[in-house]
Amino acid sequence: MKKNLKILTYGCQMNVAESERMAGQLQKIGYELAENFSDADLILINSCCVRSSAEDKIYGKIGELKKYKMQKPSLILGVTGCLAQKDGEDLAKKFPQLDFVLGTGRRGELVEVVKNLESARNQFVDTSNVSGMISDENIFPIRGGGVSAFVPIMYGCNNFCTYCIVPYVRGRERSRLPEEIFSEMREAVDSGFKEITLLGQNVNSYGKDHKLKTFAELLTDADKISGLERLRFMTSHPKDLSDDLISAMANGKKICEHIHLPAQYGSNKILRKMNRVYTVENYLELVKKIRAAIPEISLTTDLIVGFPGETEDDFKQTLEFLQEVQFDMAFTFIYSIRSGTPAANFENQIDDETKHRRLDELMKVQNKISLEKNLKHQNKIVEVLVEGASKTDKNIFTSRTRTNKLVLFPHETEKPGDLVQVKVEQVQTWILKGRQVKGGD
Ligand code: SAH
Ligand code: SF4
């Protein structure tokens, strides 16, 4: 009998990719993706704990889902992912309505756990094996619509930035085998995906464990996959972005001209306290090298304000750093204390008001830069890959340039996955708007 599965995914692209894999695993025992909670026989919350805001949202959601369990006692309710790994037993105790809590190292056991729960109910918690290698063989992800497929190439992180919980809840770095990655990429392309994004917490470390291929070699090989239009990757840590990777990008045909290169901050004092291992000067040097090799590259970043010990002077240096680098876009976060990480115990934690004031100021400066960068596209023709209808207006299509700029244009006859030319007529901070041009326009 067909059973309904509802998955709620929080957090990063890796979680999206893992939800798709879990949907694939569960399909083998009869679960199909459902739209509504009320139809579900199994609700899976794939959780995040990178900042307290994500955690609070998830705690609220689990509480809210209790009502479905009351309406339908046979419903199986489970939590997976980073918050499950971090709060395992506590989560299960706090929410007796949960049937299972499965840590990040136990994703491979999901089917077994669900099958057991179908026949006998006993709250089950397992957060062991956080650094274990999950076999991804014979896992066929059920990907949402769209034209871009996520393919994880490595799991875990060894960097231990002092603010970050990820190394604790994702375990040590493990690279997937190249042939496994290639067969998954080929399968994605054969099933119609035009774009692939390779995922890892720090893709530049790919292969350092098994030594079969470096990340630059992996990308160069992936660039040859026929039928694939565009190849992307994230995230790169600035400390070990190699010259080989820059040449692979410069020489690749499908590798897109975009690097997400989290800087986190623009003062050496704070970078040192964050354990980021590079200096502002190293970062600027790297940007120069990248831009020299790939002039059309777009650069995006992550920044954290309100890290313990941050002074007005540190903050000012960060604003200057932004002016100097000229990022296309930045994801900006307020420092969130993660208990168990070194920075949680650092002195001189910053008060909320100062954190918010600095975030606002940072965003203002960056937004102006983003807009100025986008203005360079005004009246230019850009090639975009069509994603599909916009969520707010069915007559408008969303699409992206190779440099990952979001482009909106009125829908004509094209369909998702098509490459089309769009003339940019209106420019905003985060989007370009235009109309399609065909030969001779
Ligand atoms: N592995 C990736 C990032 C993963 S987390 C990398 O190193 O680039 C995504 C982003 O969340 C980070 O880049 C950082 O900017 C932010 N982040 C991580 N921990 C945080 C914390 N405690 N408070 C606020 N932002 C945080
Ligand atoms: Fe977190 Fe740093 Fe690892 Fe990124 S590199 S996941 S920020 S510890």
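Guide: Strand S18 (residues 419-427) and strand S19 (residues 431-436) are antiparallel and joined by five bridges. Within that pairing, Gln-426 has Lys-433 of S19 as its bridge partner. This is a predicted model.

Both strands belong to a closed barrel. Five strands make it up, in the order S15-S16-S17-S19-S18, and the pairing is mixed. On average, neighbouring strands in this sheet are turned by 50° against each other, direction ignored.

Now take the other end of that order. Strand S15 (residues 381-389) pairs with strand S16 (residues 396-401) in the antiparallel sense, over five bridges. Ala-389 stands opposite Phe-397 of S16. The two strands, S15 and S16, form a hairpin, with six residues between them.

S16 also pairs with strand S17 (residues 406-410). Again the strands run antiparallel, and five bridges join them. Phe-397 takes part here too: its bridge partner in S17 is Phe-409. S16 and S17 form a hairpin as well, with four residues between the strands. In that hairpin, Asn-404 takes a positive phi near 70°.

Ser-298 is found in strand S13 (residues 298-305). Its relative accessible area is 1%, so Ser-298 counts as buried.

S13 sits in an open sheet of three strands. The order is S12-S13-S14, and the pairing is parallel. S12 and S14 are the edge strands, each pairing on one side only. Neighbouring strands here are turned by 15° against each other on average, direction ignored.

Look at S13 and S14 together. They run parallel, and six bridges join them. Ile-304 has Phe-333 of S14 as its bridge partner. Helix H12 (residues 352-375) lies across S13 and S14. H12 runs at about 175° to S14.

Met-329 lies in S14, which spans residues 329-334. Its relative accessibility is 23%, so Met-329 counts as partly exposed. Beyond its neighbours within four places in sequence, Met-329 is in contact with Leu-299, Thr-300, Thr-301, Gln-366, Ser-370 and Trp-430. Thr-301 is 28 residues from Met-329 in sequence, yet their C-alpha atoms are 6.7 Å apart in space.

S12 leads on to a helix. Strand S12 (258-260) is among the elements that cover the buried residues of H8. The cover also includes helix H7 (215-222), strand S11 (230-234) and helix H10 (280-293). Which residues of H8 are buried? In helix H8 (residues 243-251), they are Leu-245, Ile-246, Ala-248 and Met-249. These residues cover an arc of only 160° around the axis, so they lie on the same side of H8. Asp-244 and Asn-251 are exposed, on the other side of H8.

Last, a ligand site. Ligand 2 is surrounded by residues that include Cys-157, Cys-161, Cys-164 and Tyr-163. Asn-159, Phe-160, Val-166 and Pro-167 are also among them, as are Gln-201, His-237 and Arg-276. By class, this shell has seven nonpolar, three polar and one charged residues.

Technical notes: Residues numbered from 1 in each chain as written. Chains lettered and ligands numbered in written order. Predicted model: local features only at pLDDT ≥ 70, side-chain atom pairs only at ≥ 80, totals over all residues. Heavy atoms only, no water. Near = heavy atom within 4 Å. Nonpolar A, V, L, I, M, F, W, Y, C, P; charged D, E, K, R; others polar. Pairing = 2+ DSSP bridges. Axes fitted to C-alpha atoms, helices over the stretch in contact; angles between N-to-C directions. Buried < 20%, exposed > 50% of the residue type's maximum accessible area, 1.4 Å probe, protein only. Contact = heavy atoms within 4.5 Å. Arc of directions from axis to C-beta.
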